[in-house]
Number of protein chains: 2
Amino acid sequence: MSSPILVVGSVALDDIQTPGGAVREAFGGSASYFALAARHFAPVRVVAVVGEDFPGAHRALLEKRGIDTLGLEVAPGKTFRWGGRYAEDLNERTTLFTHLNVFESFHPRIPETHRRTPYVFLGNIHPALQTEVLQQIDRPKLVALDTMNLWIDSARSELLDVLRSVDVFILNDSEARELAEEQNLLRAGQRLLGLGPSTVVIKKGEHGAFMLRRDAMFCVPALPLAHVEDPTGAGDAFAGGFVGALAAADDTSEGSLRSAVAYGTVVASYTVEAFGVRGLCDIDMPQLESRFAQLRDLTQFRVVRDTHPSKAYTGAGREPAS
Amino acid sequence: MSSPILVVGSVALDDIQTPGGAVREAFGGSASYFALAARHFAPVRVVAVVGEDFPGAHRALLEKRGIDTLGLEVAPGKTFRWGGRYAEDLNERTTLFTHLNVFESFHPRIPETHRRTPYVFLGNIHPALQTEVLQQIDRPKLVALDTMNLWIDSARSELLDVLRSVDVFILNDSEARELAEEQNLLRAGQRLLGLGPSTVVIKKGEHGAFMLRRDAMFCVPALPLAHVEDPTGAGDAFAGGFVGALAAADDTSEGSLRSAVAYGTVVASYTVEAFGVRGLCDIDMPQLESRFAQLRDLTQFRVVRDTHPSKAYTGAGREPAS
């Protein structure tokens, strides 16, 4: 039986420029991407803030897809705005502007009915706000948290505080290296495990994802795509697929976590193929399942039986002592 | 039954500087790394040239490990020398010098007894020399070829010529993009398939490897390593494990190719953990098998049964038409 998910994060209007095109005031934000990804798997409840200028069509886009917007607060002022430009190869991004607007004085309020949601995602907002969310919720089964270099730089101690109460820490490779102060990604991940979370998931963009636990590691490649339109939101969509799959299975075992990383990868692949949230809106579960099967096929290998190298050749056994 | 392998490439004396240390006149070269990797799987025959200054201990190192050096020619003059320095994160390498020496006038001569070797690896040498090798050999079962940006820049038409007679093209990601004149790696790989080879294997260093065929794709991550000492030769060692595993199985089916990419990945992981060829000399087949099993465990995932997302939740099925 699938369990509901609570997400707290940003809802934004994004200006995005890529080598292939540009959009203005597109529906975005970490909570939006997460919710539109996770809703394929389980019921999703959004807590976030928008301004009075927030288009009704965007709220309707969430609600028509079964996403609970009771916690989507409207505050006096303007909606959070972000602008970014991608370089030719889409791997490098420059932030052109960040207008916090209503986000500047935001304090998340979890509606009474949502306080016992079993799966919780703390999207990329100030770690002190992430802690405020945890103070309002009641015995969740799993809390996952995302962050970014801004908070690692400017709110490190608050981030370390909230991490002590988190089960799954999701971040990208450069953030992992920065927070752990360690270039080697395996050692960086091991240090992050020491901060509290039992699971660390490191997103590597086009190079896939890497999950680390005290007693297990798991790697999955990104799906090779012939066309990438816009990487915006891929990390949040990944998190949505990941937490979504866990909530759908209502299972946080290692096997379920591995499968969830794969679902996250699949959802992210659809996200980057179109501008903004469009890639997430146009897909359905059969498409996700089909690409999940592709991802399995892409990564599957076995020993070629009867012709096992160590049995077929013993020449190298004549190893000299020196 | 394992089949023999013929490798033609360079044998060199390398000066290597990394953030962790430095070595001078270390035993290196593409044929050396390849042979020391492949010999774990199948009998290996080396064809290359060295100068009169080549230390007998290096030849002995190959021979003691069962590698056939009948084709390791000694020419008047000095052995090929290469010097390189790695940056802090070991991903960037600067070539400090390249002294071709005896390599300048080298033309590979395949000994009569070696002309029917079923598995052939054309190591990273001038493509015109790679063609000379193919003209001397008789109906091999599989020919694999490696190259580098130097030949893509300076001998493109000769490279395109030899590629028409090759089964497996092994190269790294930046070389693939450069030769294909295409930034997207999937599209680049597809273009390379159009040049002749039925299989393209793109090495991505710490990000693993990507195999492409007309009807199949396969990705494998690199093994996460806590300590990388020296990346020199990792690509040649990968090729040695790859061709070695194919020759050991004497099977070039897709399943065997996948398994071979995994063995190449495993051999490369040992290579980078020590300076020069040492990592390849110290290991044995049980260690390779153990890391092969680790690589399988690292990449394995499945649907969490009975709690399959698409069955557990039907909320997203209420998709609006708009």
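1. A pocket, as the word is used here, is an open set of grid points where a 1.4 Å probe fits, with protein on both sides within 12 Å along at least five of seven lines. In this predicted model, the second largest pocket has a volume of about 260 Å³.

2. Both chains contribute to the lining of that pocket. From chain A come Gly255(A), Arg258(A), Arg296(A), Thr299(A), Gln300(A) and Phe301(A); from chain B come Arg296(B), Thr299(B), Gln300(B), Phe301(B) and Arg302(B). At least two lining residues each are supplied by helix 9 (254-272) of chain A, helix 11 (285-299) of chain A and helix 11 (285-299) of chain B. By class, the lining has two nonpolar, five polar and four charged residues.

3. Helix 1 (residues 30-38) of chain A is largely enclosed by the rest of the structure, because nine of its nine residues are buried, that is, under 20% relative accessible area. Among them are Tyr33(A), Phe34(A) and Leu36(A), along with Ser30(A) and Ser32(A).

4. In chain B, strand 2 (residues 12-18) pairs with strand 3 (residues 21-28) in the antiparallel sense over six bridges. The two strands form a hairpin with two residues between them. Within this pairing, Ile16(B) has Val23(B) of strand 3 as its bridge partner.

Technical notes: Residues are numbered from 1 along each chain as its sequence is written. Chains are lettered from A and ligands numbered from 1 in the order in which they are written. This is a predicted model: local features need pLDDT of at least 70, side-chain atom pairs count only at pLDDT 80 or more; totals for chains, interfaces and linings use all residues. Side-chain values use heavy atoms; hydrogens and water are left out. Buried means under 20% relative accessible area, exposed over 50%, partly exposed in between (1.4 Å probe, protein chains only). Helices (H or I, at least four residues) and strands (E, at least two) are DSSP runs, numbered from the N terminus. On a 1 Å grid over the protein atoms alone, a cavity is a set of points where a 1.4 Å probe fits but cannot get out, and a pocket is an open set with protein on both sides within 12 Å along at least five of seven lines; lining residues have an atom within 4 Å of a point. Grid points are joined across faces, edges and corners, and a volume is the space filled by probe spheres set on the points. Ala, Val, Leu, Ile, Met, Phe, Trp, Tyr, Cys and Pro count as nonpolar, Asp, Glu, Lys and Arg as charged, and the others, Gly among them, as polar. Two strands pair if DSSP finds at least two bridges between them.
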